[in-house]
Amino acid sequence: MNLTQLGKYELLEELGSGGYGTVYRARDTVLEVVRAVKVLHPALVADRQFIERFTREARYAARLKHAHIVPVYDLGENEGRFFLAMEYLPGGSLNDMITRQGSLPFGRAVEILGQVAGALDYIHAQGLVHRDIKPGNILFDESGQAAVSDMGFAKALSGGSSSLSTSGGMIGTPSYMAPEVWRGKEITPATDVYSLACVFFEMITGQVLFEGDSPPEVMTKHMLDGPQFPQHWPEGVPDRMEVILKQALAIEQSKRISSPGEFTRMMNSLNASYKTKQPIIYQAHQGVGEGQQVKGKFNKQQKPDTIPEQDSIGNNSSKPMNIPY
Ligand SMILES: Nc1ncnc2c1ncn2[C@@H]1O[C@H](COP(=O)(O)OP(=O)(O)O)[C@@H](O)[C@H]1O
Ligand SMILES: [Mg+2]
């Protein structure tokens, strides 16, 4: 049956379908605004326990207020259909972006990482864990700002209370699921760090890090094999990146980078130091005649006006800056 109306929402077009339901671009006919409406799969609606948990989690999601979290506006039931109305993000998902253009430039990947990490640090500070961080749950607005969606779905499926220490079932999307999720062990903010690291790898390579023909095959890769990195990273990816990525993907949570913010800070410092390694033409302002080109100490083709931080304070610019690990 073609669904065109759901209570006050006029469904305009189908945007996509995922594990929990089908998402439509919709018009709220009372407020006269466009929203995204997710209509839950009938099988989930039949599970009243799921609906109860989901309602509880959606209430948490509705209270969250962050520039990089997709706002939830409404939750309802209409003629047996259960739906969630949220902000409509016209820029598509990170999954669409990677499918369309393949890998992203390192700087852009770090920028998206920072926005998503900000949202995750905020969620963690509220005592919540997202549990289903993946490219399909990172959406973009018209100006390319990223926002995290689907807060609470994974939690609602796993059952249990909202406490961070609750051990959940096998919830999430296999390619991005941390080893502790497969094992049914304690879920912590580091669980989201692991998934975020899988997403980061995908942004910079255009490839899914943990892939297989079946969930057990993917599970083996997460739990026993660990990440397999390419011999050569794409142009523009700093060498030391791999060390940080490995720490974010540690099988043991205790050895993993513990927060998304910390993971971003490490990648950011790498990005900053990498930039200073780019060849430059330096037109000095300080102590050198205006417009005079200075060679030797500075690399060759960096934009004029850009003073390489480390050289200016006498350090060796060929070494990455203080990477805290
Ligand atoms: N708030 C939204 N605004 C715009 N598009 C959305 C929104 N939420 C979801 N979508 C689109 O619908 C698709 C399906 O979403 P979803 O059911 O959550 O599945 P998944 O997260 O597995 O991709 C997403 O990939 C995205 O393209
Ligand atoms: Mg989703």
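Helices (H or I, at least four residues) and strands (E, at least two) are taken as DSSP runs and numbered from the N terminus. The structure is a predicted model, in which local features need pLDDT of at least 70 and side-chain atom pairs count only at pLDDT 80 or more, while totals for chains, interfaces and linings use all residues. Residues are numbered from 1 along each chain as its sequence is written, and chains are lettered from A and ligands numbered from 1 in the order in which they are written.

The protein chain holds 11 helices and 10 strands. Of its 325 residues, 36% are buried; a residue is buried if 20 or more other C-beta atoms lie within 10 Å of its own, exposed if 12 or fewer, and partly exposed in between, with C-beta atoms placed from the backbone. Two residues are in contact if their C-beta atoms, placed from the backbone, lie within 7 Å. Among contacts in the protein chain between residues at least 6 apart in sequence, those joining residues at least 24 apart make up 59%.

Six strands form an open sheet in the order β1-β2-β3-β4-β6-β5, with antiparallel pairing. Its edge strands, each pairing on one side only, are β1 (5-6) and β5 (72-78). Two strands pair if DSSP finds at least two bridges between them. Helix α2 (residues 48-63) packs on the sheet, where it touches β5 and β6. The direction of α2 makes about 155 degrees with that of β5; axes are lines fitted to C-alpha atoms, for helices over the stretch in contact, and angles run from 0 to 180 degrees between N-to-C directions.

The pairs of strands can be followed from β1. Two bridges join β1 and β2 in the antiparallel sense, with L6 opposite Y9 in β2. These two strands form a hairpin with two residues between them, in which G7 takes a positive phi near 55 degrees. Between β2 and β3 the antiparallel pairing extends over seven bridges, and the hairpin that they form has three residues between the strands. Y9 stands opposite D28 in β3, and L11 has A26 in β3 as its bridge partner.

The pairing of β3 and β4, also antiparallel, comprises eight bridges. G21 stands opposite L40 in β4. Four residues lie between β3 and β4 in their hairpin. E32, in the loop between these strands, has a positive phi of about 55 degrees although it is not a glycine. E32 counts as exposed because it has 7 C-beta neighbours inside 10 Å. Strands β4 and β6 run antiparallel and are joined by five bridges, and A36 stands opposite M86 in β6. In the loop between β5 and β6 lies E79, which is not a glycine but has a positive phi of about 45 degrees. E79 has 7 C-beta neighbours inside 10 Å and therefore counts as exposed.

Strand β2 also contains E13. This residue counts as exposed because it has 8 C-beta neighbours inside 10 Å. Apart from its neighbours within four places in sequence, E13 is in contact with Y24 and R25. The C-alpha atoms of E13 and L3, which are 10 residues apart along the chain, are separated by 9.8 Å.

A residue is near a molecule or strand if its C-beta atom, placed from the backbone, lies within 6 Å of it. There are 24 residues around ligand 1, of which G16, G18, V23, A36 and G136 come nearest. The elements giving two or more residues to this shell are β2 (9-17), β3 (21-28), β4 (33-40), β6 (81-87) and α3 (94-101). The most is given by β2, with three residues. By class, the shell has nine nonpolar, 11 polar and four charged residues; Ala, Val, Leu, Ile, Met, Phe, Trp, Tyr, Cys and Pro count as nonpolar, Asp, Glu, Lys and Arg as charged, and the others, Gly among them, as polar. Ligand 1 lies between domain 1 (5-87) and domain 2 (94-321), because both give residues to the shell around it. The domain bounds come from an automatic or database domain assignment.
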